[in-house]
Amino acid sequence: MVSLSGLHIFVVLLFFGELGSAQIRYSTAEEAKVGSVIGNVAKDLGLDPTTLKERRFRIVAGTKDSLFEVNQNNGALYNTQKVDREDICEHSGACLVELKIVIENPLEIHYISVEVTDRNDNAPIFPEKEKVIEIAESILQGARFQLAGAHDPDVGINSVQRYLLSQNDHFQLEIRDRGEDKIPFLVLQRQLDREQRTNYNLVLTAVDGGKPHKSAHLNVTILVLDNNDNRPIFSQEVYSVMLRENVDIGTVVIKVQANDLDEGANGQVEYAFGTDSTAKIVELFSLDKITGEILVKGKIDYETMDVYKIDIQASDKGQPPMTTDCRVIIKIEDVNDNKPAIEVTSISDSVPEDSKQGTVIYLVSVTDIDSGLNGKVICSLNENVPFELKPSYKDNMYSLVVKEKLDRETMSHYDVTLTATDCGQPPLSTFKTLSVQISDVNDNSPEFAQNPLELYLLENNTPSASIFSVSAFDKDLNANAAIIYQTVRGDGSRNDMSSFLNINSDNGHISAMKSFDFETLKKFQFQVVALDSGSPPLRSNVTVNVFILDQNDNPPVILHPISSNGSAEGVEEVPRNVPAGHLVTKVRAYDADIGYNGWLLFSLQEVSDHSLFGLDRYTGRIRTLRSFTETDEAQHKLVILVKDNGNVSLSATATVVVKLVEPKEAISASDVKSAATDIGDSGVTFYLMITLASVSTLLLISIIVLIAMQCSKTPDVSSKYLPETNYDGTLCHSIQYRSGEKRYMLVGPRMSIGSTIVPGSNGNTLVVPDRRSTSAEVREQFITTVS
């Protein structure tokens with residue numbers, strides 16, 4: 001493991017926005033042992049090491065991120081393999097590896113730069129082992145001959161720093177800087193004489209600046225030739241040209257030209273690539289040895305290499321030939337031939353619909369390997385989505401965040417199209433579709449389609465049977481939409497019916513635990529609450545108005561006639577001299593039901609003589625149809641059938657026995673009648689008095705005295721049935737009431753003045769009161785009860 005003293009750590013924290021992004025820079029030497037700790041990211045960020053694994057402390061995958069990893073137990077950054085600087089940063093001076101670290105809950109993004117420092121792990125290399133140079137003996141002092149420079153993959157001080165030439169008397173070494181390169185030249189110091197010496201063997205040594213330094217050797221052989229006094233001369237020592245990438249094969253890049261003052265073969269010049277030209281140059285370019293034109297031979301790609309340096313050598317055909325050289329620098333001009341690349345990192349599989357604005361969904365990284373405006377990228381989203389791209393402090397880094405309030409019930413899934421467009425001409429674009437799934441939260445209460453609800457229930461329902469069903473719906477999903485039903489318990493008062501109701505919590509079916517009686521209860525209401533299973537649960541109530549509908553379950557009750565033992569039987573005495581149409585009596589009945597169920601009709605079921613008596617089917621009045629004769633029986637029995645108008649009619653019968661009496665007996669009977677006789681009764685009495693007066697004057701005086709005495713009596717003695725002084729001639733009365741949307745009319749018999757309603761009977765049971773009660777008292781009681 002590399003010691004900490006050998007590591008240089010540069011920490012720079014830059015916080016931007018809500019994500020708490022930071023930039024940290026470390027330094028490590030190349031070829032460090034695998035597992036060497038480069039630095040402690042958690043410590044430099046001030047993070048609690050115990051929470052790193054829980055918060056998913058990690059490096060987000062990238063192109064070169066596999067070289068490094070972080071320890072989730074202590075936050076240490078270490079290398080996972082040996083790092084070769086020359087492999088990852090071949091053409092760069094400073095070698096930086098960018099890492100992106102993500103920490104969740106809460107989300108933090110940190111950018112780390114690891115600088116790989118160079119080690120002197122590469123020795124200089126000459127392109128060839130031996131160099132042969134032919135020099136004419138007539139060459140003048142000061143002539144320069146270029147040697148192939150050594151190449152060292154290392155950079156900085158570890159690259160080639162100096163050249164050394166072996167000791168000799170005729171040549172010295174001269175170094176020229178051409179751009180970033182050092183080019184060695186042999187400079188002739190003394191005139192050569194082929195007759196004295198035909199060749200020289202020299203050693204050129206290239207030395208780098210590492211500690212310890214490394215070197216390479218080139219054997220240089222100098223062959224001394226006879227007279228070719230002038231060497232070719234290039235029009236310029238360095239040629240420079242701009243070349244657009246992706247140009248067609250065969251395009252002329254540039255033409256170099258060298259002139260030789262000699263004549264004949266000694267002045268004919270040929271061109272060739274320098275001996276240090278790389279295989280890549282030979283692959284991409286060709287050189288016309290006669291014209292000096294450099295042509296494109298292969299595909300030129302700016303992103304692979306943005307500049308080429310080519311050495312061209314010009315040689316004449318003299319014996320010995322003379323050479324010269326120049327450098328051609330070809331700078332590649334970028335064209336917009338690469339589309340932007342989009343890299344997306346998902347933070348979560350789905351987004352809760354209650355996410356706040358600014359919640360991060362995706363991390364987006366956009367790159368374009370073009371340069372300048374061709375590599376500048378503008379990102380945008382498709383319209384009508386509740387998201388936006390939030391740029392980071394670092395170019396071409398974005399976060400896809402929530403912009404507006406989300407509602408899963410309105411839209412549960414979004415396909416967000418991310419467009420990355422560069423600024424080249426013409427611009428190139430890349431599209432990527434991001435899928436955003438909205439997850440449900442419990443933000444909708446159950447809803448009833450209608451509130452309040454109305455239930456029309458026939459009385460006498462079967463206990464425990466289902467009477468109604470409520471149903472609510474919830475716009476949420478799964479448990480958030482699972483509804484249970486409950487009835488709201490009331491205050492326990494007399495009108496509280498909720499205790500007699502049971503609801504199925506799963507399906508909302510309501511059953512009644514008791515049978516309802518319309519005559520006791522006309523309507524009631526209760527509430528049902530629908531509760532979802534979310535956390536926290538949401539609820540809503542609905543009011544159910546229950547209207548009890550009447551059934552024909554009450555038979556008619558005979559109110560008159562009633563005998564002393566309670567049976568519906570009565571005896572009526574009628575004088576034989578009454579005319580046709582005389583009111584014998586009135587059958588009174590009552591039905592506790594309403595509407596048609598309580599509408600009563602009267603009929604003669606049995607009568608001894610159909611020619612004597614008639615019955616009004618609606619009022620129950622019994623009248624004589626003709627005058628009585630001496631041959632008529634003295635007693636007649638009438639059986640009256642009283643039935644209601646229900647679908648299945650219920651009925652009751654009353655028996656009236658009519659006794660025919662002589663007028664005198666009728667008068668005696670009138671003595672016990674109440675003072676409350678009607679006008680018709682007074683007329684009959686007057687007629688009898690005249691009849692009796694015609695028979696006997698004395699009897700008339702006696703009758704007058706008797707009438708006077710009768711009038712002076714207190715009304716404590718009455719007949720079995722008291723006549724009604726305010727009798728209006730009708731048998732039935734009606735009461736109207738509203739139940740829900742329906743309107744009902746209760747049709748029943750007119751109460752007898754001699755009857756009242758017993759308290760606590762709910763207006764259904766009638767009894768004959770004490771005879772001593774006055775008509776006024778009875779009427780007051782009846783009115784109070786009905787109201």
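Visitor: What is the strand order of the open sheet that holds β9 and β11, and how is its pairing described?
Guide: In this predicted model, the order is β9-β15-β14-β11, and the pairing of these 4 strands is mixed.

Visitor: What makes β9 and β11 edge strands?
Guide: β9 (130-136) and β11 (160-165) have a single partner strand each, so one side of each is left without a neighbour in the sheet. From one strand to the next, the twist averages 25 degrees.

Visitor: How do you know that β11 and β14 pair?
Guide: Pairing asks for at least two bridges between two strands. Here 5 bridges join β11 to β14 (residues 199-208), and the two strands run antiparallel. One place to look is L165, whose bridge partner in β14 is L204.

Visitor: What holds paired strands together in general?
Guide: Strands of a sheet pair through backbone hydrogen bonds, in a parallel or an antiparallel way.

Visitor: Which strands make up the open sheet that contains β34?
Guide: That sheet has 4 strands in the order β34-β41-β40-β37, with mixed pairing. Its edge strands are β34 (453-458) and β37 (483-488), as each pairs on one side only. Neighbouring strands here are turned by 30 degrees against each other on average, direction ignored.

Visitor: What makes the pairing of this sheet "mixed"?
Guide: Let's walk across the strands. β34 and β41 run parallel, joined by 6 bridges. β40 and β41 run antiparallel, joined by 9 bridges. β37 and β40 (residues 523-532) also pair in the antiparallel sense, over 6 bridges. With parallel and antiparallel pairs in it, the sheet is described as mixed.

Visitor: Where can I see these pairings residue by residue?
Guide: Start at L458, which stands opposite L549 in β41. Then find F526, with V544 of β41 opposite.

Visitor: How many residues lie between β40 and β41 in their hairpin?
Guide: There are 6 residues between the two strands of that hairpin.

Visitor: Why is β41 called largely enclosed?
Guide: A residue is buried when its relative accessible area is under 20%. In β41 (residues 539-549), 9 of the 11 residues are buried, so the strand is largely enclosed by the rest of the structure.

Visitor: Is Y271 buried or exposed?
Guide: Y271, found in strand β20 (residues 269-273), has a relative accessible area of 7%. That value is under 20%, so Y271 is buried.

Visitor: How many disulfides does the structure hold?
Guide: The structure holds 0 disulfides. To count as one, a pair of cysteine sulfur atoms would have to lie within 2.5 Å.

Key
Residues numbered from 1 in each chain as written. Predicted model: local features only at pLDDT ≥ 70, side-chain atom pairs only at ≥ 80, totals over all residues. Heavy atoms only, no water. Axes fitted to C-alpha atoms, helices over the stretch in contact; angles between N-to-C directions. Buried < 20%, exposed > 50% of the residue type's maximum accessible area, 1.4 Å probe, protein only.
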